[in-house]
Amino acid sequence: NRFPEWMHFVDDGELIQLRRAGIDTIRLPIEPAFLMYNDDPERRGVIMAGIKVAIDRLIALDFKVIADLHTISRRESDAAGINDILANQTIFDNYRKTLAFLAGQLRHYDPCKLALEIINEPSLECNDRQEQDEWQDAAERLFAAARGADPNRTLIVTGACWGAANGLAAMQPAAFDPNTIWTFHTYEPFAITHQGARWTGD
């Protein structure tokens, strides 16, 4: 099993160094496309086995883990990115079912050791009232899908504008239960946080 691929070039010694340096939580990206586009039980079983081995390895090294459903944009691929998931109802429904599937598969993990992030950096605009309302509705539906599959898991939710702080500030939290962590991403100053990141252009 070669999934997740980082398992084959990050050794325990490097992870132990991180833990000794005070890092206590690892955000584990999981590309949902691997689970969305082929629901063959045997194939899904192989993928989930790899994910669970990765989680088990991190927990055994005394890390807490965030299982982060994290789309990766590909220029030449049929795999849906974040824009496709949020713009196409059929793809969104597939993603929602995939999220529920993953939540159910991870249900046996100690809630104090593993949290689940329902989506990474939704791209809808937070300064556009209609798009913000669309994300609020989508977030509530994703949250309900994950919560229905695992009543005890801490779920991580973000706002629109690619998970920016102003997107989070525009969210209406009453629709979510107390076992929720709210998150935002900030990349300022961008020239420093993304130095060497070739995909950002000039």
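Analyst: A polar contact is a pair of N or O atoms within 3.5 Å, and within protein one must be able to donate a hydrogen and the other to accept it. The structure shown is a predicted model.

User: What makes the pairing of His185 and Tyr187 a polar contact?

Analyst: The side chains of His185 and Tyr187 are joined at 3.3 Å. The cut-off is within 3.5 Å, so the pair qualifies. The side chains of His185 and Glu121 are also joined by a polar contact, of 2.6 Å.

User: Why is His185 called buried?

Analyst: Its relative accessibility is 16%. Buried means under 20%, therefore His185 counts as buried. His185 is found in the loop between S5 and helix H9. Leaving aside neighbours within four places in sequence, the residues in contact with His185 include Arg27, Glu117 and Asn120.

User: Why is the pairing of Arg57 and Asp12 called a salt bridge?

Analyst: The N to O distance between the side chains of Arg57 and Asp12 is 2.7 Å. A salt bridge requires a side-chain nitrogen of Lys or Arg within 4 Å of a carboxyl oxygen of Asp or Glu, so this pair meets the definition. Arg57 lies in helix H3 and Asp12 in helix H1, 45 residues apart. A search of the whole structure finds 9 salt bridges.

User: Why does Arg129 count as exposed, and what term applies to Asp133?

Analyst: Exposed means over 50%, and Arg129 has 51% relative accessibility, so Arg129 counts as exposed. Asp133, at 40%, is partly exposed. The side chains of Arg129 and Asp133 meet in a salt bridge of 2.9 Å, N to O. Both residues lie in helix H6, 4 residues apart, about one turn of the helix.

User: How do you know that strands S2 and S3 pair?

Analyst: Strand S2 (residues 64-69) and strand S3 (residues 114-117) share 4 bridges in the parallel sense. Val65 stands opposite Leu114 in S3. The open sheet has 5 strands in the order S1-S2-S3-S4-S5, with parallel pairing.

Note on methods. Residues are numbered from 1 along each chain as its sequence is written. This is a predicted model: local features need pLDDT of at least 70, side-chain atom pairs count only at pLDDT 80 or more; totals for chains, interfaces and linings use all residues. Side-chain values use heavy atoms; hydrogens and water are left out. Two strands pair if DSSP finds at least two bridges between them. Helices (H or I, at least four residues) and strands (E, at least two) are DSSP runs, numbered from the N terminus. Buried means under 20% relative accessible area, exposed over 50%, partly exposed in between (1.4 Å probe, protein chains only). Contact means heavy atoms within 4.5 Å.
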